[in-house]
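Dear colleague,

I am passing on the structure below, followed by some notes on what turned up in it. Please read them alongside the coordinates.

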Amino acid sequence: MSSRQNPEPMTIEEGCKLIDAAVTKLTRIIEGKPEPPFASHEYIGNYTIVYNMCIQKPPYDLSGQLYEKYGAIFQDYDKDTILPSIMEKHDEYMLRELSRWSDINKIMVRWLSHFFYYLDRYYIARSGNSSLTVVGMTCFRDHVYEKVHFNVKQVVIALIHKEREGQQIDRALLKNVLDLFVQNGMGNMERYEKDFEDFFLTETNSYYSRKASRWIQEDSCPEYMIKAEESLKKEKERVSHYLHSDTEPKLLKNVQTNLLVLVAKQLLEKENSGCSALLRDDKTDDLSRMYRLYHEIPEGLEPVAVAFRLHVTAEGNSLIKQAEDAATSGIVEEQVLVRKIIDLHDKYMAYVTDCFQNHTLFHKALKEAFEIFCNKKVAGSSSAEMLATFCDNLFKKAANDKSNDDSTIESTIDNVVKLLDYISDKDLFAEFYRKKLARRLLFGRFSDDHERSILTKLKGQFGGQFTSKMEGMVTDMQLGKDQQTGFEEYFKNTNTGKPKGVDFTVTVLTTGFWPSYKTSDLNLPLEMVNCIESFKAHYEIKTKHRRLMWIYSLGNCNLTGRFDAKPIELIVSTYQAAVLCAFNNTERLTYQELIDQLNLGHEDLVRVLHSLSCAKYKFLKKEPASKTISKTDSFEFNSKFTDKMRRIKVPLPPVDDRKKVVEDVDKDRRYAIDASLVRIMKSRKVLPHQQLVSECVEQLSRMFKPDIKMIKKRIEDLISRDYLERDTENPSTFKYVA
C-alpha cells in the first residue's frame, strides 16, 4: 500500500509519543486487562508511523533511533513489570509466573515486530544489526532470565526430587520452564548445560549415591535390581516429558554408575541372593534383568560372565566327582555321565540364549567352563573315550529298538557334536569312535541313517578329513552287501556249490579305512577252509590286483552243539568255533595239542578256553577244575551240558584295547606334528624356535592339544632327517632345507 508523507518531517518525540500509546494498549491487552483489541485501522496506523519516520530524507531519517526505541521498550518492560512480578513469587508459583511472563514476552515480540516491520526489511538488512525478534528475546534473557535462573533451577531440582520420592508434580510446567533455559541459549545448549544440567546431574549423583548405599544394605540382589531398573525407567520418562534429549545419555550414565557400577562387586556377590545364588536357584527372570541392566554399561557384563563361568564349571566338576564316586567298582557309567553333561549344556545354553540374549561373552564363558571339566578323566577313562562309548551304546540301542524316536536321537547327536567341540583330544575320540563303529558295522548292530547323520554333522563341524575313514567304513558295508549278492550268484552260475550245511558271508574291508587288527594263520575246520577257497575264486574273477587278508578275530559263527539233553545253537566267534570243532573228532585234548592243531597264539587261546570252560556256559570240562587256564590243562567236550535256552550267545572276555588306541593316536600325532612343522617352514623359510612352536600349536589345536615337548622332539627329528637346519649364528632359529 502507499502512504502520503507529512508536509513537515515527524520528530522523534512526536513519533515516540504515538508509539508509547500503542505499546501501553498492547501491554494491557496481552496482560489480560480490560482493553478493546486493535482495530485494523489502528494496526495500519501504528505501522505507518514507523514507516513515515524511516523514509524521511536525511537528516530526518529516524531509523536508528527507532531501533534503539524498540530495544528500550522491552528493556523497560522487562525491568519494571516482568521481573518484579516474578521475584515476588516463590517455589512452584515462581515457575508459573515465569512461564506466564515468558509467553507474554513472546506475544509482545511478535506484535511489536509487526509494528516495526519496516525496520526489519530495510534498516536492519542494511546495518547488519540483530533482528527485532532477537532484540526482544535478548532483552528478556539479560534483564529477566539472568536474574532469576538460579532460583528457578533450585525450584526445578526440588520438584524433580519430589517426583523421585513418589509425589505428583506438574510436568508440563517443568517442560515450559526448562525450554526457557534452552531458548535463552540463542541457538546453543550452553545456557541449559551451565545454568541447569550441571547442577541437576550433581544432585542426581548425590541422590542415587544415597539410594544405592541404603538399598545395598537393606535389599536382596533381585530386589535391588528391580529398584535400579525402575529408577532407570523413570529417568528415561523424565527425559521424554520435560528434560532435553541431550541430557539422557549423561543422566543414565550417572544413574548406572551409582546404582550399578560402583556397587557391582557387592551386588553380584551378595550372599544367598547374588549372581551365583540366582544361577543356583534358576532365577531366570532375575538373570534376564541383570543382563538388561549391565549390558548397557561398558565392561559391565564381564563380572556376570565370570560368575556364570565359575558356576557352570562347579556344576560340571560336581558331575565328574559323582561319576568318579560311582566308578569305585571300576565301571564308568558313560551313559549316565554324558547324558547329565548334555542336560547341563542344554540348561545353560538356554540361559545364554534367553537370559543373556546370545551375547558372545556368555557363549565364551560357557565354552571355557565346559572345556575345563569335559577334558577331565574319570577312573582312567578320557572324555573322548566316554563320549565315543556313549555314541556306541546310543546307536546299538537304536538299532535294536526300532520304536526309538528319530527326532530324539537326532537331537542327541547334535548335542554330542557340541560336546565334542569342547574336548581337546578330538583325534582320540575319532579313533575310539572308529573302533566302536567297526564293531557295530561288522556285527550288524547299526542304523545306516543314524550312522550317516552323525558323520555328516561331524564333517560339517570338523572337516572332511576328520570323517573320511569312517565314511569309507560305512560305504564298505554297502559294497559288502553287493559283494555278497555277487558271491551268491557265483554259486548259482557255476558248478561250485557251497559246502553242505554251511552258510557263508564275507565282508571285504578297505585296509586304509578300518582300524588295524591282529591277524593269525589259524587252522580252520575243513568246512570253513572250503568256504574261504570258494570266495577267493569268486573274488579273483572280480579283481586280480587286490590281495585278501583274512581277519578271523572279527568273524562269528553259528554252530549246533549236540548235547545229550538237546541240541543247542551256539553263537560264537571264529576262534571259539575253531576250538569247539576240534572236539568233533576227539573227546579230549590238552592245551598244547590245541595250540599245535589250531596254530593259535597263547593269549588268544587262553581267552577262548576261558570263555568255553570257566565262564557261565561250560561247554568244555577242564582238568584241573580251576578258574584260570594254564599250559598243563586238558579239556574234553561236556556232553552233559544243558540250558533252558535253545540259542546261546557265548561272549569272549573283553580286551582292553585302550592302550593300543592311545599308542596309535600318539603315532598319528607325531606324523601330524611333522607335517605341520614342514608346512610352516616351507612357507616361512626361516623362523625362531618360539614362533615355530606357537604356530604349530595354533595349527593343530583344532584336533588335539599338542605337547610342547613332543614338538621339540619332532623338530630335532626333522633336523636329523635334513628337513630343517639350525642357523649357524643363532641356534634358536631354524631354516627350511629345500
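Glu-695 and Arg-684 meet through their side chains in a salt bridge of 2.5 Å, N to O (a side-chain nitrogen of Lys or Arg within 4 Å of a carboxyl oxygen of Asp or Glu). Because Glu-695 lies in helix α27 (residues 689-700) and Arg-684 in helix α26 (residues 658-684), the pair ties together parts that are 11 residues apart in sequence; helices here are DSSP runs of H or I with at least four residues, strands runs of E with at least two, numbered from the N terminus. Arg-684 is partly exposed, at 37% relative accessible area (buried is under 20%, exposed over 50%, partly exposed in between, with a 1.4 Å probe and protein chains only).

This is a predicted model, in which local features need pLDDT of at least 70 and side-chain atom pairs count only at pLDDT 80 or more, while totals for chains, interfaces and linings use all residues. Residues are numbered from 1 along each chain as its sequence is written, and side-chain values use heavy atoms, with hydrogens and water left out.

The whole structure holds 52 salt bridges. One of them joins Asp-448 to Arg-452, with the closest N and O atoms 3.1 Å apart, and these two residues are separated by about one helical turn, being 4 residues apart in helix α20 (residues 448-462). Asp-448 is partly exposed at 29%, and Arg-452 is likewise partly exposed at 34%.

Elsewhere, Thr-328 sits in the loop between α14 (302-326) and α15 (334-355), where its relative accessibility of 69% makes it exposed.

Best regards
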